[in-house]
Every structure is written in C-alpha cells, then in structure tokens.
Amino acid sequence: MSKINQITRESWIMSTFPEWGTWLNEEIEDEVVEPGTVAMWWLGCTGIWVKTPAGCNISIDLWCGNGKRTHGDGKMAVGHQMANMCGGRKMQPNLRAVPFVIDPFAIKTVDAVLATHYHQDHMSAEYAAHVINSGITTVDENGKEIPVPFIGPKKSVETWIKWGVPAERCVTVKPGDVIKIKDIEIVALDSFDRTCLVTTDSTGPDREELTGVCPTDMDDKAVNFLIKTPGGNIYHSGDSHYSIYFAKHGKDYDIDVAFGSYGENPVGMADKMTSCDILRMAEALRCEVVIPIHYDVWTNFMADVNEIKVLYDMKKDRLDYKFHPFFWEVGGKYVYPRDKERKAYHHPRGFEDCFEAPQNIPFRSCL
Ligand SMILES: [Fe+2]
C-alpha cells in the first residue's frame, strides 16, 4: 500500500501528539540530581516537575488539556468564573499556545501528585488515571511502600474523587499543613486566587448566586505550596493574585525560588499578576529568584516577560532588590542553586561535538 493510502487523521494525531513524545519523560528519568541541588522542569501553564537528590519526584499542577477548539455558539457558559467576574457572555478565545512537553501516560516514577486548586488548567484526569492504573508506588517516612498520594485543597480532592481516584489516596491540605516525602517537605500555605472565589460548583442557568454572599473559604478552594528541598525552598503560588500577605510568607519562610502566575489581563479581567505584581511579590517573599509562569499557555493572556525585565531594571537600584527574575521556556530544566545566576533560559542548542568526527564536504571553503 502506498504511504498516502495508509495515512489517516488518527495516524497523524498518533504520530504527532504529544508534540515532544517521551523526550522530556526520558530526560527527567535520566537526570541525576547532585547533592545540595534541586532540578525543576516547566511543563507549561503552572505545571512544574521537581526532582531531588534522593530521587523524590513530585508534580505540581500537571495538566494535559487545552482550551477552545471550535467557535461553537460563540458564548461563554453562564456561571463560568470569568462570566461571573466581568458579566461577559461572549466566548473567551483561550486557545492553548504551547506544545505538550510531557506524556502523562509514559511517566514511570512519581512520589506525589500536587494541585494548587481545581481549575481545569491545573489538574488532569488523564494523569490521575495513569497514576492509579499503572500502580506507581512511593515510600512513606519509614521506607514502607505506599500508593502515590494526591495532595491538594478540599475542592481538588473532591475533583479527584469525582474522577474515580480512591478517597484514601487523597490528602486534603489547608494552610499550615506539612507533609514529608523522602527528602522534601511540602508546606501548604494561603492562596490569594480571587478568581477561585468567584468560581461556582455548577455553570448554566441554575448556577449558584454569589451576589451579596460572603465569599466561601479560600482554604477549601486553593493553596500555595512551599516545597523544602535539599537544593532550596521553592514557593509555588498557584494562580494567586497579588496580596500584601506575600510579605508574611516571606517573613515566615526562607524562600529561594518563587513562581508567580503572570499574564496580560484582557480589559475587564483581573486574573493574573502583572509585571509590577510579579516584582512586588518577589520583593515581599524575599526570594532569591522569581520565575513568571502561566503567561505561556492561553492565547488571550499571553504576555511579554521583557516588560518584567524593563521594570526590574528601572526599580532594582532604588528599591535595592535582592532578587532577580529568571525567564524560562516550557520544557526547560532549571537546577537550583547551580543556575542561580542565570537570567534567561535557552533550550539546549546541540552540536557540542562539532568537528570531532570527520566531515563529509567537497571543500573546506564550503564552510
Ligand atoms: Fe490557571
């Protein structure tokens, strides 16, 4: 049979998707984390993979979905958090803007699945299914083999259970809770994700009425995480908006690397931190390095990190900033503190072994 007779839409999807295949899965598996360091990979949106010297692997907000794929009826669901927030009814044009860099079904090792909150771009039913169905295990504090825990706030746990994750696999955390796994300590902290506060359980005509109602408890809906590792303390702020309480977290904990959800909010929206907020967050947290995330993923919230750079350069001397921003790429690796002085990431460029094997060219003058 000819090639074109064998090709179908399904064969194209299977041979093309996920875009990075198992490249990143293999890289993470093969990474040997040096003592006193911690390796991290950006999975897109706020998805972060963390690996430690003791081989502790945790995922935070690993998500495998996308946004709009058709214009449909051009309307937003009544009761969607964005509709609740701004009173808009037109469909939000949030298309996924980055490739899938990890294959959730090819993950062989993970010690904990973490979610900061239950919005769709922070949890994955596909990944949950794989972790449950493949029987991946971890060890408890005494070295006893146990099933991999799913750790998140109450609403995330409810979502996992609704998907079929056994309740006994889930750990509900509130600010102040601490969980130890291998050589890391996970501290749950307050979230400041005010978009979560206007998120209702159901959308559609019978959605909850929020007008005049005292907000539900943020602690049930979202948490931030501090991950204490042998390489430093990592602060993951989920989708937190800016809060002056970042300063309290900065006083309560030593923070090395802080992730903040950055984005260019469309007019009528207050969902992501702005460039100014990212700098204010870093200053308040007293971190060493701040890394903007989330701005990559939605076409309608994409933002330029150079805006952070320009503001940083304007303010750093006068305000005596003790931190600097690091601009990452989805799929990239960052090892702390090894990469502490780096300001921006570039994917490996290859060709390090040039001229180490014989060339095959007509003349040297071709070069
Ligand atoms: Fe989000």
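Mentor: Before we start: a residue is buried if 20 or more other C-beta atoms lie within 10 Å of its own. Keep in mind too that this is a predicted model.

Trainee: OK, so is aspartate 239 buried or exposed?

Mentor: Aspartate 239 has 28 other C-beta atoms within 10 Å, so it counts as buried.

Trainee: How far is aspartate 239 from asparagine 133?

Mentor: C-alpha to C-alpha they are 29 Å apart in space, and in sequence the separation is 106 residues.

Trainee: Switching to sheets. What's the strand order in the one with E1?

Mentor: That's an open sheet of seven strands with mixed pairing, in the order E8-E7-E4-E3-E2-E1-E16. Strand E8 (170-172) and strand E16 (333-336) are its edge strands, and each pairs on one side only. On average, neighbouring strands here are turned by 20 degrees against each other, ignoring direction.

Trainee: Which helix packs on that sheet, touching E7 and E8?

Mentor: Helix H6 (residues 154-163) does, touching strand E7 (150-152) and E8. The direction of H6 makes about 160 degrees with that of E8.

Trainee: How many residues of strand E1 are buried?

Mentor: For strand E1 (residues 38-44) it's seven of the seven, so the strand is largely enclosed by the rest of the structure.

Trainee: How does E1 pair with E16?

Mentor: Those two run antiparallel and are joined by four bridges. Look for tryptophan 41, which stands opposite lysine 333 in E16.

Trainee: What about E1 and E2?

Mentor: E1 and E2 are antiparallel as well, over five bridges, with glycine 44 opposite glycine 47 in E2. The two strands form a hairpin with two residues between them, and cysteine 45 in the turn has a positive phi of about 60 degrees.

Trainee: And then how many bridges join E2 to E3?

Mentor: Four bridges, between strand E2 (residues 47-51) and strand E3 (residues 57-60), again antiparallel. Isoleucine 48 has isoleucine 60 in E3 as its bridge partner.

Trainee: Now the sheet that starts with E9. What's its order?

Mentor: E9-E10-E11-E12-E13-E14-E15, an open sheet of seven strands with mixed pairing. Strand E9 (178-181) and strand E15 (324-325) are at the edges with a single partner strand each, so one side of each has no neighbour in the sheet.

Trainee: How do E11 and E12 pair?

Mentor: Strand E11 (residues 223-229) pairs with strand E12 (residues 232-236) over five bridges, in the antiparallel sense.

Trainee: Which strands does H10 lie across?

Mentor: Helix H10 (residues 275-285) lies across E12, strand E13 (257-261) and strand E14 (289-293), at about 150 degrees to E13.

Trainee: At what angle do H10 and H11 pack?

Mentor: About 55 degrees, with the axes 9 Å apart. The two helices are therefore oblique to each other, and H10 passes H11 in a right-handed crossing. At the contact, Ser275, Cys276, Ile278 and Leu279 in H10 meet Glu307, Ile308, Leu311, Tyr312 and Lys315 in H11.

Trainee: Which residues touch the most other members in the largest nonpolar core?

Mentor: That core has 84 residues, and the ones with the most contacts to other members are Phe225, Ala258, Met281, Ala282, Leu285, Cys287 and Val290. Leaving out residues up to four places away in sequence, valine 290 touches Ala258, Gly260, Ile278, Met281, Ala282, Phe323 and Pro325.

How values were computed. Residues are numbered from 1 along each chain as its sequence is written. This is a predicted model: local features need pLDDT of at least 70, side-chain atom pairs count only at pLDDT 80 or more; totals for chains, interfaces and linings use all residues. A nonpolar core is a set of buried Ala, Val, Leu, Ile, Met, Phe, Trp, Tyr and Cys residues joined through C-beta atoms within 7 Å. A residue is buried if 20 or more other C-beta atoms lie within 10 Å of its own, exposed if 12 or fewer, and partly exposed in between; C-beta atoms are placed from the backbone. Two residues are in contact if their C-beta atoms, placed from the backbone, lie within 7 Å. Two strands pair if DSSP finds at least two bridges between them. Axes are lines fitted to C-alpha atoms, for helices over the stretch in contact, and angles run from 0 to 180 degrees between N-to-C directions. Angles under 35 degrees count as roughly parallel, over 145 as roughly antiparallel, 65 to 115 as roughly perpendicular and the rest as oblique. A crossing is left-handed if the near helix is turned anticlockwise from the far one by less than a right angle, and right-handed if clockwise.
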